[in-house]
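Reader: I've got this one open on my screen. Can we go through it, starting with the ligand?
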Amino acid sequence: MKHPPGILGSSPLRRDGLEKVTGAARYLDDLPAEGTWVGATVRSRHPHARIVSLRFDRTKAPADAVFVHAGDIDGVNGLQILDDRWPILASKEVHYVGEAVALVAAPTAEDALRAAAAVEVEYEQRPAVLDWEEAARNEPLYELALDEGRCEAILEAAANGDDGLILVEGEYFTGAQEHLYLETQAMLAEWVDGRLAVTGSMQCPYYVKNALQHVFSLGEDAVQVVGRYMGGAFGGKEDYPSLLAAHAALLARAARRPVRIVYDRHEDIVATTKRHPSHTRIRSAVKKDGTLVAARVDFDLDGGAYLGLSPVVLSRGILHATGPYRVPNVRIRGRVLRTDTPPSGAFRGFGAPQSQFAWERHMDRIGRRLGIDPLTLRRRNVLHPGDRLPTGQLMDASCGAAAALEEAARRGDFLRRWKKAEEDRRRDEPLGRGNRPVATGVGLSLAFHGAGFTGLGEHRMRSPVTVRLTAEGRLEILCAATEMGQGAVTVLPMLAADAAGLRIDDVLIHEPDTDVVPDSGPTVASRTTMVVGATAARAAHELVQRIVQWKEEQMGEAALRVEDSRLLGPGGEIGDFRELAREYLAAGQPDAVTVHNEPPPWQRFDEDSYHGSAYPTYSYQAQVIEVEVDTDTLQVRPTRAVAAAEVGKVLHEVQCRGQVEGGLLQAVGWALWEEMKRKDGQLLNDRMTTYIVPTFLDAPEMEVHLIEEPWEGPPHGAKGVGELPMDGPASAVCAAIENAVGIALDSIPATPERLLDHHIEAAQGGRR
Amino acid sequence: MNPASGLPRTVDEALLRLQERPDTVALAGCTDWMVRDRLARADAPPVIDLLAIEELHGIEEIATPPSEAKRPAGADADPTTPPPLLRIGATTTFGEIRVDRRVVEGYPILAEVASQIGSRQIQNRATLGGNLVNASPAGDSLPVLLALAAEVEIASPDGRRRIPYDAFHLGYRETALGPGELLTAVLLPPPPPHQAFRKVGTRAAVAISKVMVAMAAHSRQGRWSSMRIAAGSVAPVPMRLRAAEKVCEGAPIDVETATEAAEAAWGEVEPIDDVRSTARYRRWALSRVVRRLLLEM
Ligand SMILES: Cc1cc2nc3c(=O)[nH]c(=O)nc-3n(C[C@H](O)[C@H](O)[C@H](O)COP(=O)(O)OP(=O)(O)OC[C@H]3O[C@@H](n4cnc5c(N)ncnc54)[C@H](O)[C@@H]3O)c2cc1C
C-alpha cells in the first residue's frame, strides 16, 4: 500500500467503518426516546378508492394522542419533487395500497398503534389500473422521444428482406425491485420557535428542505435538515424521505414536541418507492454479419400512482436504450405509464438497468438468429473512440467499452465455455429425461452508465462546495453529500487532501446539515465522487494556496508549497501545516473558500430533440456470469461472476471494488429472485421471508477487474461507479441460463416457476 | 411476560402448569413463536420454557421393548437382540442433531435436513419438537420423519403414549397433541439402508420450502422393499406418496421404476399456488425430484 503523499489509490480505512461495526454509530432509531413521541401512519387498504369519511374516534385512542389529516395542512398538500401532485396525505381519493391517509402520534409505540386503530376511514372502491395493458390505454404520465437517422424506412426495408437486412424483434420485461436497505425509513422532526428542524435517514438533505418549505410555506431560514448515519439507501432515500419528513413535521406541530417516525419492515416494503417495472419492445435491422443498422425501441416504465422522479428515470432509460454500441439509426420512444400502485422511484441505475436489460437480451436474440456468438456480435458493434451515440455525442479517448468487453471475456474464458455449454446442451437436452442433474452455462453482457446528472443538470446547478479551516488548523469540507455506505466520507477528504498537499487526517468532513453546508446537490446519479469530490478538491487546493500566498507575503519569500501537511520552502521544511493555518487564522484572514462545480464548457444538450452530450463521460462494465441450473427443479445458482469495470480512474480501490461487487449481487438478486407479487393491488410478499434477496450462500464467487481510461475531467479522470454495476448483470444471468438449458427468458426475475412456464409454453407452442 | 411464566424443571411440573392455565403456551427455541410477534402484545398468553427440562433434551439409544421388536421385511438383523431405537428429545436443536454421530451415520437424511433449516443461527435454537408441533406444511423435518417411520411420544396428565408419526398430523396446523399435552420425544426405528432427501427452497439458505421429498427403503436382490416416500409443501400436511411407493414396492431398482414412480407422484398430489410458488411448479419439481432421488438413492 502506498502512503501519502500518494493518497489516491491508497485505500485508507473507511472513516465510518469502526463506529459502524462496533455499533457506536447512532442511527435515528437509536436516539433516546425521552421527550420524543412516536408517529404512526394510517394507510389505504385499497388501490383506488374515494375517501367517503375520515374520523378519529378519541374514545378509542390514548387520551393525549394527536391526529393529523389532509385538512390540517395549511400550505401545499403536495410533495415537491418534479411536480407536487403526490399528496402528503390523501384527501379525496387514494391511489395505491399503503398511501398515507392520516397520521397519529402518541408517547409510545403501543399508544401510537392504538391511536392509529382509532382512525376510521370509509372508502368507496373505484376500479383500479393495475396492469400494463390497461395502463397503456390511458394517458401516460410522461413521454420522451429520441430520433436519429432514418430508422423507420430501414426497418421497413428489413421487414421486406431488402438491402440484405434482417429484422429482429423482441419484447422484454423487468419487475419492480425493493431496495431493502437495512435501516428502514426514519425521520425525527421538531419545531422550535416557529423553526422546523428535521433529522433522519436521507440521501438528499436539500430535497427534504425544499419539500418542507413547500408544504409549510416556510422561508429558507425557517427549516434545518440534518442527514444522519444511514443504513443503506440505493436510491430509496432520494425521494421518499421528503414525504416522511413532512409527516413527522405535521405531527410534531400538532403534538408540540419532537415526533419520530421509524417504519417497520412491512410498512417500509409496502409504502415506499420501488424500482420501475419496465416493458420494452425492440425492432431492429441488422446485416448478416451482425452489424446493427437501425433500432426502434419502445420503452415503457410503470410509474405507479404519481409522477415522482419518473421523468428523469425515463430520460436516463432512453439515453442508455441501445447500450454502448454503434446504432446509426434509432427511433426511441419512452413513456411513463400510470398505475394504482406505489409511486416508482429512484433505484441504483435509474432506468438504465431496465433499458439495458432489454437491449442486451436483444443482442443475444440477434446472435441466436444469425448464428453469431455473443462475443463476436458485441465486438462488431461496440463503441470505440470516434464513434457516436444515438444522441450524436462523439466518444472520446476514454471510451473503454471494448476494453471492458475484452477483459471480461478473456478473464472469464467466455467463448470457450459458452461453446462447450452449447455443445453439451445440444447433445444431452438437459430438460429432457437426461441424467445430468445440473447443467452449466455462461452469459456475457456489456453496459454503460453516464456519469452525473443527465443533460445540463450539472450546468444549471453548478454545485457549490465550501472548505474551511477549523480552529486547530485542519480543513473541513462543507457539502450536502451523504454517506450511505458508498464511501463518500472517506473519498471526499482523500480528494481534498490530495489536491491540497495534506495528510488525510488533516481533512474533515462536516455532517450534512443545511444550516451549515451549501447545497452541493443530491447524493445520487453516481455524481458524488466525480462532481462533489472534484469541487471539494478545487476548494481545498484554493484555500491552501491562499494560505501559502499569505505566508509568502509574510516571509517575503516565494516558492513555498505544502506537501504531506508540511510547509516547504526552497531550503527545505519550514513548518507544519496546522501551525501555519492557525497563524493564518490568528491574522484574521478569511477562513473559508467556496467554489462551484465547473462542468465541461463544451457539453451541449438539447432537451427537446435529445441531441448532444447527455453526459460528459461514461463508465463501462462487462461481465461473464456462470450459472448452474438444476435440471429437475430449474433452480439457478450463479457460481461465478467475472466483471471488468472501466471507471476512468480508481481513487479508492477497496471501495471501488466494493461498489462493483455489491452492485453485481444486487443485480443478480433482481435477475433471479426479487419479485414484488401483487394481487388486486395488494402486495403479497411484504416481508423478508417472502421477498427473496440473495444470501451469501446464493452469491457467486466474484472476480472484479478494474480498468482505467481516464476522461479529461476531474478528479483525475475518474468516472462514476455507484450505479454502473447494476446495469448489465441481469442480462448475463439470463444468457447463462439460456446457454445451460436453452430457455431464452426475456423477463425477470428468472424464478424456477417462470422458467418452467416458459419451458412448457415453448414445448407446447413450438419455438418462437 | 406474564408473572406466572417461569422455568419448569420436569415434564410433570410443566404439565401441571399447562393444567393450571389452559391458555399457557409451552415454548422451546421460540423461533416460530417469536416471528408471530405475540410475545410483546399486552394480551400475550402466559408461557413456559421447556428448555430447562432435562428429560426433553438429548439423543440416546434405547432398547426396543421385546413386544415391539418387529422389523421391516427384508431387514436382516440378529434375531436374538432387538435393535435399539434412537430417541431424540423434543427440545433437541437442529444444531445438535446435525452433528450427532448416530444421526449422521444412521439417519443421514435427518442430519441433512437439520443442516438446511434456516441458517446456523436458527439451527442453534430451533428444536425438532417445535418443528413438529408448529406443524407448518413447509416444516422441513416432517417428511423426513415420515420416511423414517418415526414414532412420537406424548406426555399428558394421564401418562405417556406413543403413536406412529404417520398419525400425528391431522389437518392444516392440526396435530394429535391434545390440550395440556407435550411432545416429549421422537423415536426412530433402526435405520433403513437407503435414504434420500431433497429440499427445494426459495434460495440457498434461510429459505422456506416450496417442495420437499424424503424417502427411505430397503432392498433385496436388486428390488425395492419397504419403500416410504414422503413429501412436504404440497398439501396441508406432510404426506406419504402412496402411489409412488406402491410402484416401487418389489420393483427393480432401475430407471423405469424411477420414472414410473415419478409419474405416480405427479398424479397423487394436489398442490396449490401461493406466495412462494405455483401448483404447476410444485407438481413438476416434485415428480422430477422423486425420480432423481430414486436414481441416486
Ligand atoms: C429465520 C427463520 C428461518 C427458518 N427456517 C426454517 C426452515 O428452513 N425449515 C423449517 O422447517 N423451519 C424453519 N423455521 C421455523 C422454525 O425455526 C422451526 O419450525 C423450528 O423447528 C421451531 O422450533 P422452536 O423450538 O423454535 O419452536 P417454538 O417457536 O418454541 O414453538 C413452536 C410451536 O410449537 C410448540 N411447541 C414447541 N415445543 C413443544 C413441545 N415439546 N410440546 C408441545 N408443544 C411444543 C409451541 O407451543 C409453539 O406453538 C425458521 C424460522 C426462522 C425464524
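Reader: How many residues surround the ligand, and which are the closest?
Author: Keep in mind that this is a predicted model. The ligand is surrounded by 32 residues. B:A26, B:G29, B:T31, B:D32 and B:T127 are the closest.
Reader: Start with B:A26. How far is its backbone N or O atom from an oxygen atom of the ligand?
Author: The distance is 2.6 Å, from a backbone N or O atom of B:A26 to a ligand oxygen atom.
Reader: And where do B:G118 and B:A207 stand on that?
Author: For B:G118, a backbone N or O atom lies 2.8 Å from an oxygen atom of the ligand. For B:A207, the corresponding distance is 3.2 Å.
Reader: What percentage of the ligand's accessible area does the protein cover?
Author: The ligand has 980 Å² of accessible area on its own, and the protein covers 90% of that.
Reader: Which elements give two or more residues to the shell?
Author: They are in chain B: strand 1 (25-27), helix 6 (128-134) and strand 9 (182-188). Helix 6 of chain B gives the most, with four residues.
Reader: How does the shell divide into nonpolar, polar and charged?
Author: There are 20 nonpolar residues, nine polar and three charged.
Reader: Why does the ligand lie between domain 1 and domain 2 of chain B?
Author: Because both domains give residues to the shell around the ligand. Domain 1 of chain B is 7-35 + 45-64 + 83-134 + 151-188, and domain 2 is 194-296.
Reader: Which residues line the largest cavity?
Author: The lining is in chain A and includes A:L146, A:I318, A:L319, A:A321, A:T322 and A:Y618. A:I332, A:L389, A:P390 and A:T391 line the cavity too.
Reader: How many of those are nonpolar, polar or charged?
Author: Eight nonpolar, two polar and no charged residues.
Reader: Now the backbone. Which residues does a cis peptide bond join?
Author: One cis bond joins A:P714 and A:P715, with omega about -10 degrees. A:P715 lies in the loop between strand 30 (701-707) and helix 18 (724-727) of chain A. Another cis bond joins A:I748 and A:P749, with omega about 10 degrees. A:P749 is in the loop between helix 19 (729-741) and helix 20 (752-765) of chain A.
Reader: Last one, B:R173. What is its phi, and where does it lie?
Author: B:R173 has a positive phi of about 55 degrees, although it is not a glycine. B:R173 is in the loop between strand 7 (169-171) and strand 8 (174-175) of chain B.

Terms used. Residues numbered from 1 in each chain as written. Chains lettered and ligands numbered in written order. Predicted model: local features only at pLDDT ≥ 70, side-chain atom pairs only at ≥ 80, totals over all residues. Heavy atoms only, no water. Near = heavy atom within 4 Å. Polar contact = N/O pair within 3.5 Å; in protein donor to acceptor, adjacent residues only side chain to side chain. Areas by Shrake-Rupley, 256 points an atom, 1.4 Å probe, with all protein chains shown as cover. Nonpolar A, V, L, I, M, F, W, Y, C, P; charged D, E, K, R; others polar. Domains from an automatic or database assignment. 1 Å grid on protein atoms, 1.4 Å probe; cavity = no way out; pocket = protein on both sides within 12 Å on 5 of 7 lines; lining within 4 Å.
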